[in-house]
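Colleague: Could we walk through this one together, with me asking and you answering?
Modeller: Gladly, let's open it up.

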Amino acid sequence: MEYILETSGLTKRYFKHAAADNISIKIRQGEIYGFIGKNGAGKTTTMRMICGLSCPTSGEVKIFGKNPAKDADISRRVGCLIEAPGFHNNMTAYENLKAKCVLAGIKKKGYIEDLLEIVGLENAGKKTIKNFSLGMKQRLGIALALVGDPDILLLDEPINGLDPQGIAEIRALILKLNKERNITILISSHILEELVKLATCYGIIHNGKMIREFTHDELMKECTECITLLTDTPEAAAPVIEGAGCADYKVIDSTTVEIYRESEAIPEITRALVNGGISVMGITSKKESVEEFFFRLTSE
Amino acid sequence: MFNMIKYQLYKLFHSISTYITLAVLIVFEISVIVMNSEYANDPEMISEFTAVNLVAMCIETLMVPAIFVSWLAIFTYGEFSHGAVRTIAPFIRSKTAYYVSIVVTAILMITIIFGTSIITCLVGARILMPKIAMGDVGFMFCHVGISCIITFAYAAMVMFAVNATCSILPAVGIIVMILTGAETVLLNLIEQALGKEEFSMYYLSPYMSIFGLTFELKYPEDEMHIVYSIVTAAVLIIVFSISSCIVLNKRDLK
């Protein structure tokens, strides 16, 4: 089985408005999939359909190749933290976890203590939720999502409203769960710089439509500093560029070559081109941030 | 299904609202006993007044059903209001099973509430009115049983209102309706509009006050009224339960 989570043509309509329109996602085991989109783009709607909170108008969700709506054992392999974490506020953290363990049929001794330790709340088990800070609530939300040892974790804006330290802690926790427990994670956020530190692949959703999917390497390539060379002989320039130690380049058209290097390499490349007899019509450098890249994609 | 019921029962016994509800109920019962303790010193009344009458009085005021229905509204709404249902969504095998698990919990709670009501009245009467007789306990259980069925009809309405709207406001309306007898007023108005007197036999809330202090059938038609009330309650329970299941299955969980 190639994909652990697959959606095909997932659509959710509210009357005439399509909150999610024909969304197709493919996620391999062990990946951290960053789901990027503006507020109201359809991220939460899509995640709600995946975890069974809402029924798709059309399309299908497959987890391990099976439809979770038809196979309850499959749906239990998904843990979710959708929107704000939901708790029974008058119960303690331990009782909230215990309630979900009862639901999941888990009777293992020390299970709840282990979960609290994983999320760094080992000393807060007896505290009632109403006394929790936002960061603690997010951690407990993740602990609740981990009940039943899910293979897939759906995290909807888990770093929303957190301070920088809280964000760093949640990031470290997500990476730890992915590496140590091999949990596949679908995480949505509009804090792009944070997602870039976590995700291995991405999907950009805009106005309910999936506009592009790409890997982390592809994103880095799009957003790294790039030198644009204008020449009338790009084919002849290619071996010279390679000779100058720039293996990563791309011939864009009959006059343009993009070289993925920092601007500091411009003098060296120019020298090599002149020595190689290549006419240089122009050479400039540009750098696009992840944010600019996202804006470009969503404004197209 | 069993795990879902166990989950609801865990919530029931670990939720502060359950204990607050029982505390309010006990305080109410004790205040009723204290207010009626003068009967214990009145030689004329004491022969006609029994401990079982106290239970009837508490039910007659409709506070016991209202307390139960209020608890149920908070319990059902709690899952939606705090978003707890979002966390357990992958474990909800079927929404009908989810509804059934709340019904089972509600049945247990209604037993606890009416049981607490009986025990508080009987024990309170024994302590504060040691001279009064116990009364017909068998008949009391029969009356309380029927009251439970009627209360459950209101409970079914409340569960439907909460499940359909994800809001507690319609449930509050139903609770006010129980306490004020607005249902009777509404049906009276319909009767007047239609020029017929056909609904009065099917009223729910007046049932509980039929017996009044004497805990006996006062009029020959009372027996028929009881049967009609039970049938009405049963029909309401079935209709609102089916409606709740349909609404839950059609609606997205919030």
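**A walk through the model**

Modeller: Let me start with Asn178(A), which is buried because its relative accessible area of 10% falls under 20%. Bear in mind that this is a predicted model.

Colleague: Which helix of chain A holds Asn178(A), and which strands of the sheet does that helix touch?
Modeller: Asn178(A) lies in helix α6 of chain A. Apart from residues up to four places away in sequence, Asn178(A) touches Gly30(A), Glu31(A), Ile32(A), Ile183(A) and Ile185(A). The sheet in question is an open one of 6 strands with mixed pairing, in the order β5-β6-β7-β3-β8-β9 (chain A). Helix α6 (residues 164–180) packs on this sheet at about 155° to the direction of β7(A), and the strands of chain A that α6 touches are β3 (32–36), β6 and β7 (184–189).

Colleague: Is β8(A) mostly covered or mostly open, and how many of its residues are buried?
Modeller: Cys201(A), Gly203(A) and Ile205(A) point one way from the strand, while Tyr202(A), Ile204(A) and His206(A) point the other way, and all are buried. So β8(A) is mostly covered, and the number of buried residues is 6 of its 6.

Colleague: How many bridges join β8(A) to β3(A), and how many pair β8 with β9(A)?
Modeller: β3(A) and β8(A) run parallel, joined by 4 bridges, and Phe35(A) has Gly203(A) as its bridge partner in β8(A). On the β9(A) side, Cys201(A) has Thr215(A) as its bridge partner, and Ile205(A) stands opposite Met210(A). Strand β8 (residues 201–206) and β9(A) pair in the antiparallel sense, and their bridges number 6.

Colleague: Which residue takes a positive phi in the hairpin of β8(A) and β9(A)?
Modeller: There are 2 residues between the strands of this hairpin. The phi in question is near 50°, and the residue is Asn207(A).

Colleague: Why is one side of β11 and of β13 of chain A left without a neighbour in the sheet?
Modeller: These belong to an open sheet of 4 strands with antiparallel pairing, in the order β11-β12-β10-β13 (chain A). β11 (249–251) and β13 (282–286) of chain A stand at the edges, so one side of each lacks a neighbour in the sheet: each has a single partner strand.

Colleague: Which residue of β12(A) is the bridge partner of Lys250(A)?
Modeller: β11(A) pairs with β12 (residues 256–259) of chain A in the antiparallel sense over 3 bridges. In β12(A), the partner of Lys250(A) is Glu258(A).

Colleague: Which residues have the most contacts inside the largest nonpolar core?
Modeller: That core has 159 residues, and helix α8 (residues 137–165) of chain B gives the most to it, with 15 residues. Leu140(A) touches, among others, Phe87(A), Leu97(A), Leu116(A) and Phe132(A). The residues with the most contacts inside the core are Leu140(A), Leu154(A) and Phe68(B).

Colleague: Why do the buried residues of α2(B) line one face of the helix, and within what arc do they fall?
Modeller: Helix α2 (residues 16–35) of chain B has 20 residues, and its buried residues include Leu22(B), Leu25(B), Phe28(B) and Val32(B). The face turned away from the buried side carries the exposed residues Val27(B) and Met35(B). Seen down the axis of α2(B), the buried residues line one face because they fall within an arc of 150°.

Colleague: Which helices of chain B are included in what covers those buried residues of α2(B)?
Modeller: The cover on the buried residues of α2(B) comes from chain B in these cases. Included are α1 (2–14), α4 (51–60), α5 (63–81) and α7 (95–128).

Methods: Residues numbered from 1 in each chain as written. Chains lettered and ligands numbered in written order. Predicted model: local features only at pLDDT ≥ 70, side-chain atom pairs only at ≥ 80, totals over all residues. Heavy atoms only, no water. Expected span 1.5 Å × (residues − 1). Buried < 20%, exposed > 50% of the residue type's maximum accessible area, 1.4 Å probe, protein only. Arc of directions from axis to C-beta. Contact = heavy atoms within 4.5 Å. Pairing = 2+ DSSP bridges. Core = buried A, V, L, I, M, F, W, Y, C linked by side-chain atoms within 4.5 Å. Axes fitted to C-alpha atoms, helices over the stretch in contact; angles between N-to-C directions.
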